[in-house]
Each structure stands twice: as structure tokens, then as C-alpha cells.
Amino acid sequence: MPKPLTLSQRSTSILLLVLACQLMACGDRVDSTSDARFNPTLRVTIADSAGNTIVQLAAETAITDAEQQRGLMGRNHLPDRGGMLFLNEVEEERVFWMKNTPLSLDLLFINAANQIVSMKTNQPPYTLDPIPSEVPAQYVLEMKAGFADRYGLRTGMRVTWTEL
């Protein structure tokens, strides 16, 4: 039969357990992509209702479940004209969050007809608060906070993309 732990040994064990839990929690805040280089695969064009180009940017894609769950988590840098486009097969209401995301972001929710149907700008970093599209959207474009204001983006504008 094992020998019972002394009070000092139990205290040390509890302290080590608490420290291990804290280290695991801290590890959750830093993603392996924190130093990931921006690797765009698409040229995204945002145009007004008359078809006039407002702005173009380069975007990475998030297609798989794993890519979409990771998104821009842990990214400390995003070019001024850079973003991430979430490509989905179905148009439905979308909900995002900023978990483990150190950058403030603008989110454009885009329907199947490639029109911006909802915008959530200047979303604060690291929050678990839900960011709902509030209307059905098939695609979501994320870029640095302030992008939408800087270029006067608004609902109804058209978003298209081509491979780089």
C-alpha cells in the first residue's frame, strides 16, 4: 500500500497542478500561426453598384473547417491591403468571434450574389463575444480594422475574387 503524502507534499502537488493548468491556458492564447507569413492566393475586388472598383486587396483563403476555425488567430501582422476570405458552400447566418486574435478586424458578410449584406467594423481583439452576420451570408472577408471606413465600404457593394 502506498505511503500517504505529507501536507507539504500535497501542497506542492496542488501547486504544480495549478501551474500546469495556467501554462496550458496561456498556451491556448498563442497559436502556431503567430509568426505565420501572409500568403495570399486571391485578388479581391470591391466595387460599387455601378461596377466601379473601390479597392483591391490580396487575401488568403479559409476553406476547410480547420482553416476556418483558425482564421487569423495568433496573427500579429496583416498588410494594410490584406485579408482572409472565408469560402463556404451554403448561404446562412454566420457568427464569428475574435478568440486568440490579436488584431482588431473589420468583417464583411457577403451573400451568394457577391454583395456585402452586413458589416461589423473595428471588432476588438481577443473577445469571445459573438459577431453575427444578422442576415444570410455565404462568404466572409476579414481585414484590419479601419479598412471599411478608409475606403467607404457599405452594404450593397459587390465583392469578387480571382486567383493570383
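Met84 is buried, because its relative accessibility is 4%; buried means under 20% relative accessible area, exposed over 50% and partly exposed in between, with a 1.4 Å probe and protein chains only. Met84 lies in strand β3, residues 82-96. Strands are DSSP runs of E with at least two residues, helices are runs of H or I with at least four, and both are numbered from the N terminus. Not counting residues up to four places away in sequence, Met84 touches Ala59, Glu60, Thr61, Ala62, Gly71, Leu72, Arg75, Val140, Leu141 and Glu142, where contact means heavy atoms within 4.5 Å. Leu72 is 12 residues from Met84 along the chain, and their C-alpha atoms are separated by 7.6 Å.

The model is predicted: local features need pLDDT of at least 70, side-chain atom pairs count only at pLDDT 80 or more, and totals for chains, interfaces and linings use all residues. Residues are numbered from 1 along each chain as its sequence is written, and side-chain values use heavy atoms, with hydrogens and water left out.

## Sheet

An open sheet is formed by 7 strands in the order β5-β4-β6-β3-β2-β1-β7, with mixed pairing. The edge strands, each pairing on one side only, are β5 and β7 (158-163). From one strand to the next the twist averages 35°, with axes taken as lines fitted to C-alpha atoms (for helices over the stretch in contact) and angles running from 0 to 180 degrees between N-to-C directions. Two strands pair if DSSP finds at least two bridges between them.

Strand β1 (residues 42-47) runs antiparallel to strand β2 (residues 53-62), and 6 bridges join them. The hairpin of β1 and β2 has 5 residues between the strands, and Gly51 there takes a positive phi near 90°. Strand β1 is also joined to β7 by 6 bridges, again in the antiparallel sense. Which residues stand opposite Ile46 in β2 and β7? In β2 the residue is Val55, and in β7 it is Val159.

The pairing of β2 with β3 is parallel and covers 5 bridges. Here Ala59 has Gly83 in β3 as its bridge partner. Ala59 is also one of the residues that Met84 touches.

## Charged pairs

Side chains of opposite charge can pair when their charged atoms come close. A salt bridge is a side-chain nitrogen of Lys or Arg within 4 Å of a carboxyl oxygen of Asp or Glu, and by this rule the count comes to 4. The table lists some of them.

| Salt bridge | N to O distance |
|---|---|
| Arg75 and Glu60 | 2.9 Å |
| Lys144 and Asp80 | 2.9 Å |
| Lys120 and Glu134 | 3.0 Å |

Strand β5 covers residues 116-123. Lys120 counts as buried because its relative accessible area is 17%, whereas Glu134 is exposed at 51%. The two side chains are also joined by a polar contact of 3.0 Å. A polar contact is a pair of N or O atoms within 3.5 Å; within protein, one must be able to donate a hydrogen and the other to accept it, and residues adjacent in sequence count only if both atoms are side-chain atoms. Leaving aside neighbours within four places in sequence, the residues in contact with Lys120 are Leu105, Asp106, Leu107, Phe109, Ile131, Pro132 and Glu134.

Both Arg75 and Glu60 are buried, and both are among the contacts of Met84. Lys144 is partly exposed, at 24% relative accessibility.

## Aromatic pairs

Rings of Phe, Tyr and Trp (its six-membered ring) pair if their centres lie within 6.5 Å; planes under 30 degrees apart count as stacked, over 60 as edge-to-face and the rest as tilted. A search of the whole structure finds 4 aromatic pairs. Phe86 and Phe96 have ring centres 4.9 Å apart and planes at 85°, so this pair is edge-to-face. Both of these residues, Phe86 and Phe96, are buried. The rings of Tyr139 and Trp161 are also edge-to-face, because their planes stand at 75°, with centres 4.9 Å apart. Tyr139 in strand β6 (residues 131-144) and Trp161 in strand β7 are 22 residues apart, so the pair links distant parts of the chain. Tyr139 is buried at 13% relative accessibility, while Trp161 is partly exposed at 23%. Ring pairs also link Phe86, Phe96 and Phe109 into a cluster; Phe109 is one of the contacts of Lys120.
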